[in-house]
Every structure is written in C-alpha cells, then in structure tokens.
Amino acid sequence: MTVELIPATADHKPDHDEIDISSKAFWALTSEERDKNFALLREIRPVSWQRPVEDAVTPDPDDPGYWALVKHSDIVRVSKDNDTFISGQGVLFDLLPDIFLQMSQSFLAMDAPQHDNLRKLVSSAFTPKQIKRIDDKIKAAAKEIVDDIAGKGSVEFVAECAERLPVRMFGDIFGIPEALRSTVAKAAADVVAWADPEILAGRPADEVQVEACVTLHDVAEELIADRRKNPGEDLMSSLVEAEIDGQKLEDFEIGAFFVLMAVAGTDTTKHTASHTMMAFTEFPAQKDWLREDFDGRINGAIDEFIRYASPVMTFRRTAVRETELGGRRIIPGDKVVMFYPSGNRDSEVFTEPEKFDLSRSPNPHVGFGGGGLHFCLGNQLAKSMLRALFGELLTRIPDFRASDPEYLGSNFMRGVKRMNLQFTPER
Ligand code: HEM
C-alpha cells in the first residue's frame with residue numbers, strides 16, 4: 001500500500017496523522033501491538049506528523065507536534081547529523097518540567113562543545129579496555145547474584161536478579177556505600193516512571209519525579225563531600241577533581257550528571273535482562289544454540305538481546321537547519337522523535353525482524369542509539385554485565401521459564417516491573 005505524502009511547507013504542516021502514536025491508548029498497547037502500527041507507518045508514511053503526547057506531564061498549548069521517525073535509516077541519519085538535529089532543546093518525547101530536566105539530563109541534552117567536554121570527563125571509565133579491566137569483578141558479582149537464586153526454583157526475577165548487577169556495578173564505579181544503593185536504585189527507577197499509575201500511586205508525576213531527582217542529588221552531595229576529604233579511585237572522585245577550562249564542576253552539575261548516569265546505567269540493563277529471559281522462554285531453541293558454544297557466540301548474541309529488547313524507546317532532537325526527511329520538509333524548530341523499537345524491527349535492514357535470532361549477522365541495531373555524539377556511553381559495560389549474567393544463568397539454571405511479566409507504563413522505557421522465573425533448583 002502506498003499513500004501520497006502531503007508535503008509540509010515552511011508555514012504549514014499536514015494534519016496530525018491518523019495513525020496516532022501520541023495517544024495514551026497507543027502507549028497502553030503491548031509492544032507487539034505497537035509494532036504493528038510502526039510497521040504500517042514504515043510502509044506508508046515513514047516520516048509522519050504527529051500531535052504532541054497526550055496528557056503530557058507538563059502540556060504546552062503552543063506545541064504543534066513532531067515528526068515521527070520510524071525507519072532505521074532515518075534514525076541513523078538524524079542521530080549522526082548533530083549539526084542539523086540538536087539535543088540542547090530537549091531529548092525526551094514527553095513534555096516534562098524544566099526543573100526536572102535541569103536536575104536529570106546533564107550532557108545527554110547538550111550539544112558540542114559543552115556535551116563533548118562533559119562526556120570526555122567520564123568516557124575514559126567506559127572504554128573497552130577499562131571495562132575489560134573490571135570484567136573479573138563483573139563476573140564475580142554475577143556469580144554471587146546467581147548463587148543467591150539458583151537453589152530456589154522460583155523467584156521474582158527483576159528484584160532478585162536483573163536489577164542487582166547493574167546497581168552493584170554502578171555503585172562500585174561511583175563508590176556508593178552499600179547502605180545507599182537500594183535508595184539510588186529506587187529513585188533511578190522512579191525518575192522514568194512518569195506514566196506508570198502504580199508507581200505514581202495517585203501523586204502527580206512531576207512531584208514523584210522531582211522527589212526522585214532530589215533524592216539522587218542528595219546522595220551525590222554526600223558523595224561529593226566525602227570525596228573532597230577522602231579522594232579515591234572511583235568516578236565521583238574524578239568528577240570532584242575534574243576541570244573544564246580551568247573551572248571545577250559545580251555540585252549541581254555533578255548531581256545532574258549522577259542522575260543521568262544512575263538512570264542510564266541501571267534501568268536499561270535490568271530491563272534488557274528481563275526481556276531476554278522472556279525471549280529465551282519463547283524461543284527455547286535459541287537457548288540451546290547459545291549454550292552449544294557460549295564463549296564463541298555470546299558477543300553476537302548480546303547485540304540481538306539489545307535489538308530484541310529495545311529498552312529505550314524514544315529520544316527527540318530539534319532541527320536547527322532546513323532539511324528533508326522521507327520526502328518531508330523539515331524546518332528549523334521542528335521536533336523529530338526517533339522510535340528505536342521500530343528501527344529495530346525494520347525489515348529493510350533485518351530479515352524476519354520479529355524473530356529472536358542470536359545468529360543474526362550483521363546486526364546494526366539502534367538499541368544504543370543510531371550513532372553520532374550521543375551514542376550510548378555505557379554500551380561496553382552493559383554488554384559485559386549481560387555476558388556475565390547470562391553466562392551464569394544459562395549454565396546453572398538452564399531450564400528456566402519466565403512468565404507473567406508486568407510492564408512499566410511508559411513512552412520512554414520499555415520496562416519490566418516484575419516477572420516470575422521458574423527453574424529446576426541447582427544442587
Ligand atoms: C542495555 C543497556 C543500555 C541501553 C539499551 C542503552 C541505550 C542508550 C541510548 C538509546 C542512548 C541514547 C543514544 C542517542 O541519543 O543517540 C544512550 C545514551 C547514554 N547511555 Fe546508555 N544504554 C544502556 C546502558 C548504559 C549503561 C550501563 C550506561 C553507563 C553507566 C549508559 C550510559 C549512557 C549515557 C551516559 C548516555 C548519554 C550519552 C551522551 O549523551 O553522550 N548506558 N544509552
């Protein structure tokens with residue numbers, strides 16, 4: 001089916017698309033149902049003009065809407081063209097309070113040169129070489145976590161397993177005392193829970209989010225004060241010492257940095273692990289295939305874990321130059337939103353995209369973003385954690401079956417709040 005595109009002009013946009021991916025109802029669908037709508041859009045209107053998010057946290061009556069990018073090629077193009085599509089005017093799909101954005105986004109929502117200066121301060125901690133250095137620690141932590149569940153036969157996977165490794169590694173990297181780690185994990189999860197009724201529990205979303213940010217800033221303050229007196233080897237010590245053009249970072253800047261890293265570093269990997277357990281349950285032959293040669297196959301397999309899970313669903317950019325995308329004219333000020341799960345199901349790039357196929361090669365998924373300046377800083381760390389965790393799970397409790405996942409209500413994070421896991425207990 002082809003539908004004629006109505007070109008947008010500088011002062012006129014087409015009507016908001018009839019395939020509405022901004023409605024609450026759309027984001028309440030299962031991801032399989034959402035995928036069907038994305039597939040239709042990819043086919044008939046790869047760049048569609050959409051109304052603003054329905055029931056945004058802070059609605060803006062002057063917001064005209066955004067261009068939705070659902071094709072892999074457009075996501076890659078926009079991600080890599082950081083001169084035309086900037087992040088400094090916001091990167092989140094939902095409309096959120098300014099104070100929340102200032103407290104939580106740091107260099108994720110900045111452009112060069114500020115972005116590059118801040119990212120450079122931490123990037124050395126996340127290089128493949130550096131991650132290799134902590135690989136043994138990651139493996140030991142994964143083993144301990146699986147030691148705690150392997151004899152049980154039945155667990156709630158998210159809390160008892162998926163969440164623990166990323167929280168622990170994040171805690172080690174920043175030097176967070178043990179007693180504060182669960183507070184950090186809960187606050188990091190609350191930061192992105194603006195559309196989940198259970199987590200909001202009747203409170204306004206902005207209140208819950210700002211409270212979670214304040215909790216994380218308070219933890220950051222505590223760490224900053226401690227590291228000024230007792231510098232160590234951790235990342236917080238480097239941030240306290242770091243200078244940009246001879247200037248030390250302000251505490252608030254370090255706090256925002258800490259919120260960004262806490263969310264980016266914990267939730268994403270946790271949700272990928274849970275989705276992957278579901279995928280193995282649905283495609284058991286893939287488990288056997290991987291177990292036949294775990295060391296030889298795991299690296300390629302992890303890319304498929306990320307593609308299939310696509311835990312980060314949306315990020316936005318704003319055009320600052322006139323350009324064209326998918327036959328549409330984009331003018332300065334236009335918002336464009338990238339839908340990563342859709343890019344990861346694009347059949348022009350992936351054969352049988354709905355299949356969890358660990359032998360997929362090449363696998364140019366956009367789960368970590370489509371490239372460019374903002375490409376996921378923690379991708380090597382995430383891969384190393386998933387490699388260690390699945391190395392344990394697939395050897396020690398290989399007959400596991402995941403069931404009854406309860407999903408986070410979100411238009412940002414494809415999250416699993418709770419999920420049962422059953423298996424023959426290890427003897
Ligand atoms: C499976 C796990 C993960 C997924 C799927 C994921 C996904 C993403 C995505 C989609 C982006 C945005 C890319 C863009 O805008 O082009 C991103 C950025 C980022 N990620 Fe990850 N991430 C994961 C794990 C991690 C971890 C473990 C850390 C670190 C501790 C981390 C730190 C970051 C940071 C700091 C950014 C912002 C980079 C920038 O703006 O320059 N991520 N990630």
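The chain holds 18 helices and 12 strands, where helices (H or I, at least four residues) and strands (E, at least two) are DSSP runs numbered from the N terminus. This is a predicted model, in which local features need pLDDT of at least 70, side-chain atom pairs count only at pLDDT 80 or more, and totals for chains, interfaces and linings use all residues. Residues are numbered from 1 along each chain as its sequence is written.

**Confidence and overall form**
- The chain averages a pLDDT of 95 and 97% of the residues score at least 70, pLDDT being the predictor's confidence in each residue, from 0 to 100.
- Over residues 1-6 pLDDT stays under 50, and the model has 9 contacts for them beyond four places in sequence, a contact meaning that two C-beta atoms, placed from the backbone, lie within 7 Å.
- Where pLDDT is low, the predicted coordinates should not be read in detail.
- With 427 residues, a compact globule would have a radius of gyration near 22 Å, and the 21 Å of the chain agrees with this; the radius is taken over C-alpha atoms, and the globule rule is 2.2 Å times the number of residues to the power 0.38.

**Sheet around β2**
- An open sheet of mixed pairing is formed by 5 strands in the order β1-β2-β10-β7-β3, two strands being paired if DSSP finds at least two bridges between them.
- The edge strands, each pairing on one side only, are β1 (47-50) and β3 (85-86).
- Helix α3 (residues 72-80) packs on the sheet, touching β1, β2, β3, β7 (314-319) and β10 (335-339), and its direction makes about 125° with that of β10; axes are lines fitted to C-alpha atoms, for helices over the stretch in contact, and angles run from 0 to 180 degrees between N-to-C directions.
- β2 (residues 66-69) runs antiparallel to β1, joined by 4 bridges, whereas β2 and β10 pair in the parallel sense over 3 bridges.
- W67 is the bridge partner of W49, and W67 also has V336 in β10 as a bridge partner.

**Burial and core**
- Buried residues, those with 20 or more other C-beta atoms within 10 Å of their own C-beta, placed from the backbone, make up 45% of the chain.
- The largest nonpolar core has 118 residues, and L69, L216 and V259 have the most contacts inside it; such a core is a set of buried Ala, Val, Leu, Ile, Met, Phe, Trp, Tyr and Cys residues joined through C-beta atoms within 7 Å.
- Helix α14 (residues 251-282) gives the most to this core, with 13 residues.
- In β2, Y66 and A68 point one way and W67 and L69 the other, all of them buried.

How values were computed
A residue is buried if 20 or more other C-beta atoms lie within 10 Å of its own, exposed if 12 or fewer, and partly exposed in between; C-beta atoms are placed from the backbone.
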